[in-house]
Amino acid sequence: MQYIPNILFVIALVAGVGYFTKNIRKVIRNIRLGKDVDRSDNKGERFKNMAMVALGQSKMVRRPIAGILHVIVYLGFIIINIEVLEIIIDGILGTHRIFAFLGGFYDFLIGSFEILALLVLVSVFLFWMRRNVINIKRFKTLKGWPKNDGNIILYFEVVLMTLFLTMNAADLQLQNLGADHYVKAGAYPVSQYISPLFNGMSEGSIFLIERGAWWLHILGILVFLNYLYFSKHLHILLAFPNTYYADLKPQGEFDNLEAVTNEVKLMMDPSADPFAAPAGDESEGEPEKFGASDVVDLNWVQLLNSYTCTECGRCTSECPANQTGKKLSPRKIMMDTRDRLQEVGDNIDKNGGSFVDDGKQLLNDYITTEELWACTSCNACVEACPIGISPLSIIIDMRRYLVMEQSAAPTDLNNMMSNIENNGAPWPFNQMDRLNWSNE
Amino acid sequence: MSETVKVPTMAEYMAEGKQPEVLFWVGCAGSFDDRAKKITKAFVKLLNKANVDFAVLGTEESCTGDPAKRAGNEFLFQMQAVTNIEVMNAYEIKKVVTACPHCFNTLKNEYPSLGGDYEVMHHTQFLKSLLDEGRLTIEGGKFKGKRITFHDPCYLGRANNVYEAPRDLIKKLEGELIEMKRCKRNGLCCGAGGAQMFKEPEPGNKDVNIERTEDALETKPDIIAAGCPFCNTMMTDGIKNKEKEDSVQVLDVAELIANAQDL
């Protein structure tokens, strides 16, 4: 009988971690639906980028208020997780505060966790105000699930931190009462002010409060862990690979499509036989599609980007098209990509491992051409993203599909392109007049 | 604008069996756009003043393909690129300078993997290097004490992290360089990039160039300095829209330096 709590704990732990692992495998599977792109180079620079941008939050603090609040919550999250390690060991072994033997250092740790927990609560309150009360456009424009998602995450944080402090407060009271198993350990700079609430209660009641808070806290963490898959909050994990695999090239450099290079080389080669059968094996595969009309046409880093996006909206708030009232919103590009990718993934799960055409695609069903054509390719969104996402690369890949597969560019652009084709300039001037300026 | 400037072509150099120090890539705007041609001439005057041995491709130059690529026409871009690279490689070009950030970005970043590997400089970088080498002197002249604000072209700034060269040049004019609230990596686009120059904007409530002109006017400038022929057009249109053309000039950095010396 005495092992029942341990057994229940292990079951909860295995179930929580197991379900989470199952969903994370889905995320990885979905990301791998993307086309291959080689990001195995420059390991040193990639680690540095990850250390600076994800671990070091260097781009977060470019907006100081949101940035500093975020750093507090982030540090709280990481550091308080050391305490979760103790909770898990205690839970499995049936011990209580197994790290208490660390003595003064343990006091320091618990004390720091408490102060951080308080700071997290304050920050989360301010975050909530920013999202719901203060008039900040990038949050005001969120409706429905994305808005609720943002708030639910904050409520989770409040509940978890409150349970953590309640647990400690009750523990402190029990320590002072000299209850069994409750060794005197830890420093409680915050919960010592909560502890007096339990004055006069029986040892049994306080014990129930302590155990209740302990259990709800760890179960809450497991629920929160599993919430990530359904939420924008996946960034707490994916920010690391996302910054590692981010594009390191200058922002102005767009990739040169290799499939096009091969065709261009063939066209430019005077010795190529225009009637020759395609080189290579006899594979009957379809010719490669140019650009992207659906998520599987994007590369896996772009799909990773979409799962990593936290929907903070810094990209959209910096976008010149969005600021001047156009429909384009880089944040929406990322959210649409993730929603469609999730839809494709669910479709695969439902149909026993293979995708069954659902008559939908990313283009038009999610992202309209009006959005795509409003982009100035200025890279403001890429610069603004605190975790290295590039909405621009998706926009360009979708434009490529529109132009090269569908010839569906706006008329003005078609005129510009035929000018380039015919006379080597975007305007209808003769190439032979190119030097006329020198004697005008 | 009826003054002839000395502009040798690569073909002429080749005929004499010589190689210039640098190829000046003029670009389509610089060749054909009336406003941008003035920038081209100003830059050529500076090159001549500094005794730079340069040449242009002239009628052998063609669009880099930038607007086609940003519009999504990778095919047309690569056709342009491969054609230009053939010409440049035949002339054994090593170093290229251009007054257009779009040409600059494309030549510098997107040509190498297609076989065109050159040292590419924006004209503000090149002028800065002439200044540092003592080949060019810059004086304030009529711009002494003027309030000048610099609009960062996206394809020079964010795209390639060139922020200081144009500013270093402007500071030499002994004017007052005043930054807009949004500048350098936070600079706002003029609205022309991504092939927007060649089409009508999508429906909205404002044009991007008006938004940016308002940023610039906030600094109460005498001059809005630009480093891109397209930004120049957009900002000039913005100033006209605000009916400020009598009090605010839009000038390229090269024009500022050339005009200051009455070249």
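**Entry 1: the sheet of chain B**

How many bridges join strand β1 of chain B to β2(B)? I looked this up in a model that is predicted. I found 2 bridges between β1 (residues 22–25) of chain B and β2(B), and these strands run parallel. On the β2(B) side, F54(B) is the residue that stands opposite V22(B).

I then read off the whole arrangement.

**Entry 2: helix α4 of chain A**

I checked the length of helix α4 (residues 104–132) of chain A. At 1.5 Å a residue, its 29 residues should span 42 Å, and the end C-alpha atoms are 42 Å apart, which agrees.

Which residues of α4(A) are buried? I listed I110(A), F113(A), E114(A), L116(A), A117(A), V120(A), L121(A), S123(A), V124(A) and F127(A). These buried residues pack against α3 (64–93) and α6 (145–177) of chain A. I recalled that an α-helix has 3.6 residues a turn, so residues three or four places apart point the same way.

**Entry 3: the two domains of chain A**

I recorded a division of chain A into domain 1 (4–244) and domain 2 (258–427). Their C-alpha centres lie 38 Å apart. Across the boundary, 27 residues of domain 1 of chain A are in contact with 27 residues of domain 2 of chain A.

On the domain 1 side, the elements giving two or more residues are α1 (4–31), α2 (43–55), α5 (137–140) and α8 (235–244) of chain A. Of these, α8(A) gives the most, with 6 residues. By class, I noted 12 nonpolar, 5 polar and 10 charged residues on this side of domain 1 of chain A.

**Entry 4: chain A against chain B**

Finally, I turned to the contact between the chains: 56 residues of chain A meet 58 residues of chain B. The elements of chain A that each supply at least two residues to its side include α9 (258–268), α16 (391–405) and α17 (411–423). That side of chain A has 30 nonpolar, 15 polar and 11 charged residues.

Definitions and conventions. Residues numbered from 1 in each chain as written. Chains lettered and ligands numbered in written order. Predicted model: local features only at pLDDT ≥ 70, side-chain atom pairs only at ≥ 80, totals over all residues. Contact = placed C-beta atoms within 7 Å. Helix = DSSP H or I, 4+ residues; strand = E, 2+ residues; numbered from the N terminus. Nonpolar A, V, L, I, M, F, W, Y, C, P; charged D, E, K, R; others polar. Domains from an automatic or database assignment. Expected span 1.5 Å × (residues − 1). Buried ≥ 20, exposed ≤ 12 C-beta atoms within 10 Å, placed from the backbone. Pairing = 2+ DSSP bridges.
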